[in-house]
Each structure stands twice: as C-alpha cells, then as structure tokens.
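I keep these notes for a reader who is meeting this structure for the first time.

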Amino acid sequence: MDINQNNETKLQTLPQVVLGSTSPFRKQLLDKLHIPFIQDAPEIDETPLKTETPKEMVLRLAHEKAKVFKDKYPQHIIISSDQCAVFNNQPIGKPHTVENAIQQLTSFSNHQITFFTGLVVSNTQTGKTYEYLDTTIVHFRDLSKEVIRNYIEIEQPLKCAGSFKSEGLGVALFKQIDSRDPNALIGLPLMALTDIFYEMGFALPQKPNQ
C-alpha cells in the first residue's frame, strides 16, 4: 500500500478533536497546528498522591483528564495535559501574595527549575491512548530586588506557579531554557503532539477546508 495515499485518506476523516482544558494559553498553542477543535473542562481531583513523584503525577492527571471524556466523546481525539514545576526536588506552588512572590523569585535567582509536562492523547474511535512526558529546564538570571519587584508590579503573577508567566514578561527573568519544544513550557508540547498525530496516521498540517 502506498503510505502517502493512506495518509491522504486518513487526513480526510480526522475525528473531531477535543482539548480537555479551558486554558486560553493551551488554546492558543493548539491553534498553531490549524486543527479544528472544541474545548471542554475536565472535573477531576488534582490532589497529589503521597507516594508519587512529580513526573508520575502529571502523567496520572493527564490520563484522568482524558478518561473523564471517554463516554462523552466516543468518536473523538481527546488531548489532555498537566504540568508541574519543581525546585530543589519540591513542587512549586502559587504565591498568592506579593511577599511570597518576592520570596519565590529570590530563591530562583541564579538557579534552575524543572517543568514536567504530561501529554495524553486518547483516540476513542480506535481505543488507543498515547502519552508523552516533556522535561524543560529553566535557568534564571541573577535577579536583583529591583528587577523582581518591577516584574511583579508589571505582570502581577500572584496566581501563577513560580510567580512568573513564561508566555509573557517572565522570559526576561530567564537566561536559558533547555527544552525540546519551547511550547511545552507554556503547557502543551506541540512537537510531541504532532508526533502522536503522525503515529495515528494523521500528518500535519492538513489541507485547509475549502
């Protein structure tokens, strides 16, 4: 069988894609692939288990988010993701206050934090599920008190884990990012996601609808 012909046939029958997240940032990322999709919010308990590592947690939660939609979307491709940032082997939480934000960013100065992003794609037409774990390391600059206070005042990252927004001005705090895919830091590893679409038989990009 001609593989190109096979791919062309499958491209014409791509199931409806569901992004299992209402995050505007993940929506913006998935929009890059020019795939028609809908969004839905998975309602799950995201409490970490006492015995699991951050790597295990993000994959478990991504799987649980996908399972929520298994019956609701029986002929679909469901994309779900979860992320955790780690500093000194401890998960990083949201600061909620300016004082906590200052403390977090001060501790990150001249150090690095690691982001683990779990990606799960469930094809409910075929019953197959695919997973990927991305690791991204962010190296922070030597941050002065003035820089930290200026950043917090401008971007108000009090509801962001780690007290910064990597999709915004937070990049000014970094001196280097070690990553296969910079998109993963924002919440969705698009290169790995494209790999999974290829594995399912759907090469991207697709021909635009006429």
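I looked up the largest pocket and found a volume of about 950 Å³. A pocket here is an open set of points on a 1 Å grid over the protein atoms alone, where a 1.4 Å probe fits, with protein on both sides within 12 Å along at least five of seven lines, and lining residues have an atom within 4 Å of a point. Of the 33 residues that line it, I noted Arg-26, Gln-83, Lys-94, Lys-159 and Ala-161 as the closest to its centre. The elements that give two or more residues to this lining are α2 (24–31), α3 (54–68), β3 (76–87) and α6 (183–186), and β3 supplies the largest share, four residues. Helices (H or I, at least four residues) and strands (E, at least two) are DSSP runs, numbered from the N terminus.

I record that this is a predicted model, in which local features need pLDDT of at least 70 and side-chain atom pairs count only at pLDDT 80 or more, while totals for chains, interfaces and linings use all residues. Residues are numbered from 1 along each chain as its sequence is written, and side-chain values use heavy atoms, with hydrogens and water left out.

Next I turned to α3, and asked which of its residues are buried. They are Met-57, Val-58, Leu-59, Arg-60, Leu-61, Ala-62, Lys-65 and Ala-66, where buried means under 20% relative accessible area, exposed over 50% and partly exposed in between (1.4 Å probe, protein chains only). Among what covers these residues I found β3, β5 (112–123) and β6 (128–140).

Arg-60 pairs with Glu-52, the closest N and O atoms being 2.7 Å apart; Glu-52 is buried at 16% relative accessibility, and Arg-60 is buried at 18%. Lys-65 meets Asp-82 at 3.0 Å, N to O, and because Lys-65 lies in α3 and Asp-82 in β3, this pair ties together parts that are 17 residues apart in sequence. Salt bridges that share partners also join Glu-52, Arg-60 and Glu-64 into one network.

Last, I noted Lys-72 with Asp-40 at 2.6 Å between the closest N and O atoms. Lys-72 is exposed at 52%, whereas Asp-40 is buried at 14%.

Technical notes: Grid points are joined across faces, edges and corners, and a volume is the space filled by probe spheres set on the points. Contact means heavy atoms within 4.5 Å. A salt bridge is a side-chain nitrogen of Lys or Arg within 4 Å of a carboxyl oxygen of Asp or Glu.
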